[in-house]
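Here is a short briefing on one protein model.

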Amino acid sequence: IRKYVAIVSLEQRQHYKDDFNAEYEEYWNLHSHIDQIRENFRQFHEQWKSLTAGSETHQVKKDKTMKTVLHHSSVW
């Protein structure tokens, strides 16, 4: 489904440009937020690889990870 049709005038071009600019900041903020979440999970993954399953450190990390996941889930 196309939201926009072919641009045929300068006025139409400006309208599309204004629409884009109006929504770009929100897009960029969401993109940055998702990048940060992805980086957090990458770091968690690296830390998980060095832990022994069932150890106290493993359980603490698991609990912290779940709290982080639940926090990010509630934000959305």
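A salt bridge here is a side-chain nitrogen of Lys or Arg within 4 Å of a carboxyl oxygen of Asp or Glu. The structure holds three of them. The model is predicted.

**Overall form**
- The protein has two helices and zero strands.
- Its radius of gyration is 21 Å, while a compact globule of 76 residues would have one near 11 Å.
- The C-alpha trace spans about 65 × 20 × 20 Å along its principal axes.
- Of the 76 residues, 12% count as buried.

**Charges and salt bridges**
- There are 11 positive and 11 negative side chains, and the centres of the two sets lie 7 Å apart.
- Asp 35 pairs with Arg 38 in a salt bridge, with closest N and O atoms 2.7 Å apart. The two are three residues apart in helix H1 (residues 10–49), so about one helical turn separates them. Asp 35 is partly exposed at 27%, and Arg 38 is exposed at 56%.
- Arg 42 bridges to Glu 39 at 2.7 Å between the closest N and O atoms. Both lie in helix H1, about one turn apart.
- Lys 49 bridges to Glu 46, where the closest N and O atoms are 3.4 Å apart. Lys 49 counts as exposed at 55% relative accessibility, whereas Glu 46 is partly exposed at 39%.

**The His 58 site**
- His 58 sits in helix H2 (residues 56–75).
- His 58 counts as buried because its relative accessibility is 16%, and buried means under 20%.
- Beyond residues up to four places away in sequence, His 58 touches Trp 48, Leu 51, Thr 52 and Ala 53.

Key: Residues are numbered from 1 along each chain as its sequence is written. This is a predicted model: local features need pLDDT of at least 70, side-chain atom pairs count only at pLDDT 80 or more; totals for chains, interfaces and linings use all residues. Side-chain values use heavy atoms; hydrogens and water are left out. Helices (H or I, at least four residues) and strands (E, at least two) are DSSP runs, numbered from the N terminus. The radius of gyration is taken over C-alpha atoms; the globule rule is 2.2 Å times the number of residues to the power 0.38. Buried means under 20% relative accessible area, exposed over 50%, partly exposed in between (1.4 Å probe, protein chains only). Lys and Arg count as positive and Asp and Glu as negative; His and the chain ends are not counted. The place of a charge is taken as NZ of Lys, CZ of Arg, CG of Asp or CD of Glu. Contact means heavy atoms within 4.5 Å.
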